[in-house]
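Colleague: I have not worked with this structure before. Could you take me through it in plain terms?

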Amino acid sequence: MTKRFRNWALLSILTSIVVCSAAKAQDRRTITEPAAPHKVCDRPVPSGKNDTVNLQDAIQHCPAGAAVYLARGEFHSGPLEMKSGVTLWIGRGAALIAIPEPAAYDKGRGQCGHITGKGDGCRPFISFSKTRGGGIYGEGVIDGQGGAMMVGGAETWWQLALRAQAEGGHQNAPRLIQIDHAQDITFSGVTLRNAPNFHVAMNRVEGATFWGVTIDAPADARNTDGIDPGASQDVTIIHSSIRTGDDNVAIKAGDNGSSSHISIIDNYFGWGHGMSIGSEVNSGASDILVRNLVLDGTTSGLRIKSDVSRGGLVERVTYENVCLRGNRWPLAFDAKYDPRAQGTRIPVYRQIVLRHVRGEDGVLLMRGVDEQHALDVTLEDVRFANSATWQLEHAKLTASPSDVSPLPGRATEPLRGSKACARAFRDARR
């Protein structure tokens, strides 16, 4: 993983030096690779049964600046609550496994593991609530067991989600990790997999780093988003690999607040729904940089999605050095995400820049609400296959004809392969 991203990052940096001056990272912090915790406060050992009490006790009694270290083996647990300044260090060969027991996560209303009208009846597996510092470190695994049969039931968490979709309700399934009203949280090296719901959901977070994180869930596991920064500022996701059954990353800004100063740098996205902003942006999303990204087989590629029921201002977003392959909608900037939506929260997308973007075929969608709220997008060296098709509606594009291929409404020569993207895809298979 590290070698792959080092090669791609180096190539992209060299390309940027030759053809343009690179955009600045949007996260206002100085980000460096996280170091291993200097102090270990406890080393729990797996019991072979339910380890929730022992793990929570170790976290609770650990002083700030130290780590609870899981060395090897399988630790089975229910919900865990992290403490300010404490790191959960999951070593290579260790796995922290969420027990598939709805009652363990229930918020007291008897809804977890059932379909209801809202879907907020479960506690997360791991929560950071009003904490500062600390995080999760190591080369081990956190497994949400979304595909395991629920205790006392006849279906898995993911089957519950699919049934909720068919019945028009909401599944009550636990998120793997929830970070809420927290500051300076760091994840490094860990693998997160098979979440019953979102893998990492953030709300009102100031300062978060995800460095070298792997997130993996099946392509058909509904609502298993990778990382969702919501109402958050100064967030960096870097050198990470994400494959999910929903958005690989989704930046949100609903009623709880705006999101800004976010950097998505040197990452690989496999299957999933792409690099998304939205659909809730009514509080505003701004100052976002996506640089050196491979989107390999995601249904959507670069996506900004909203509608008049949850729209707002999305501005100063830069996509730079992006390679796309096997995408149905490589570009999907849509202010009518739900065309049946009603409301007065008008989505406005402006100062959106695409620079050095390469892709294959598929639909290149840019759709604003109306001419008064047309999309404002600048294209610099954006090239797709001749078979790609543009769908433009209420969109103002700024570009030189020599900078875009194919031109909207005009036939062009077949696209010749990008050496940078060819190498990025080759390295991704290693």
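This is a predicted model: local features need pLDDT of at least 70, side-chain atom pairs count only at pLDDT 80 or more; totals for chains, interfaces and linings use all residues.

Colleague: Which residues does leucine 331 contact, leaving aside its neighbours within four places in sequence?

Modeller: Leucine 331 is in contact with Leu302, Leu354, Val363, Leu364, Leu365, Met366, Phe384 and Trp390, once neighbours within four places in sequence are left aside. Leucine 331 sits in strand β25.

Colleague: Is leucine 331 buried or exposed?

Modeller: Leucine 331 is buried, because its relative accessible area is 0% and buried means under 20%.

Colleague: Now the whole chain. How many helices and strands does the secondary structure come to?

Modeller: The chain has five helices and 31 strands. Its C-alpha trace spans about 65 × 45 × 35 Å along the principal axes. The radius of gyration is 22 Å, which agrees with the value near 22 Å for a compact globule of 430 residues.

Colleague: What share of the residues is buried?

Modeller: Buried residues make up 57% of the 430 in the chain.

Colleague: Which members of the largest nonpolar core touch the most other members?

Modeller: They are Leu96, Ile179, Phe210, Tyr319 and Leu354, in a core of 90 residues. Beyond its neighbours within four places in sequence, isoleucine 179 has contacts that include Phe128, Phe187 and Phe210. A second, separate core has six residues, among them Tyr268, Cys323, Ala424 and Phe425.

Colleague: Turning to the rings, how many aromatic pairs does a search of the whole structure find?

Modeller: The search finds six aromatic pairs. In one of them, phenylalanine 128 and phenylalanine 187 have ring centres 5.9 Å apart and planes at 45°, so the pair is tilted. Phenylalanine 128 belongs to strand β8 and phenylalanine 187 to strand β12, and the two are 59 residues apart. Phenylalanine 128 is buried at 1% relative accessible area, and phenylalanine 187 is buried at 0%.

Colleague: And tyrosine 319 with phenylalanine 333: what kind of pair do they form?

Modeller: Tyrosine 319 and phenylalanine 333 are stacked, with 5.8 Å centre to centre and 20° between the planes. This pair connects strand β24, which holds tyrosine 319, with strand β25, which holds phenylalanine 333.

Colleague: One more topic. How many disulfides are found in the whole structure?

Modeller: Three disulfides are found. Cysteine 41 and cysteine 62 form one of them, with sulfur atoms 2.0 Å apart. Cysteine 41 lies in strand β1 and cysteine 62 in the loop between α2 and β2, so the pair ties together parts 21 residues apart in sequence. Cysteine 41 is partly exposed at 28% relative accessible area, whereas cysteine 62 is buried at 0%.

Colleague: Which cysteine is joined to cysteine 112?

Modeller: Cysteine 112 is joined to cysteine 122, with an S to S distance of 2.1 Å. The torsion about their S-S bond is about 110°, so this disulfide is right-handed.

Technical notes
Residues are numbered from 1 along each chain as its sequence is written. Side-chain values use heavy atoms; hydrogens and water are left out. Rings of Phe, Tyr and Trp (its six-membered ring) pair if their centres lie within 6.5 Å; planes under 30 degrees apart count as stacked, over 60 as edge-to-face and the rest as tilted. Helices (H or I, at least four residues) and strands (E, at least two) are DSSP runs, numbered from the N terminus. Buried means under 20% relative accessible area, exposed over 50%, partly exposed in between (1.4 Å probe, protein chains only). Contact means heavy atoms within 4.5 Å. A nonpolar core is a set of buried Ala, Val, Leu, Ile, Met, Phe, Trp, Tyr and Cys residues joined through side-chain atoms within 4.5 Å. The radius of gyration is taken over C-alpha atoms; the globule rule is 2.2 Å times the number of residues to the power 0.38. A disulfide is a pair of cysteine sulfur atoms within 2.5 Å.
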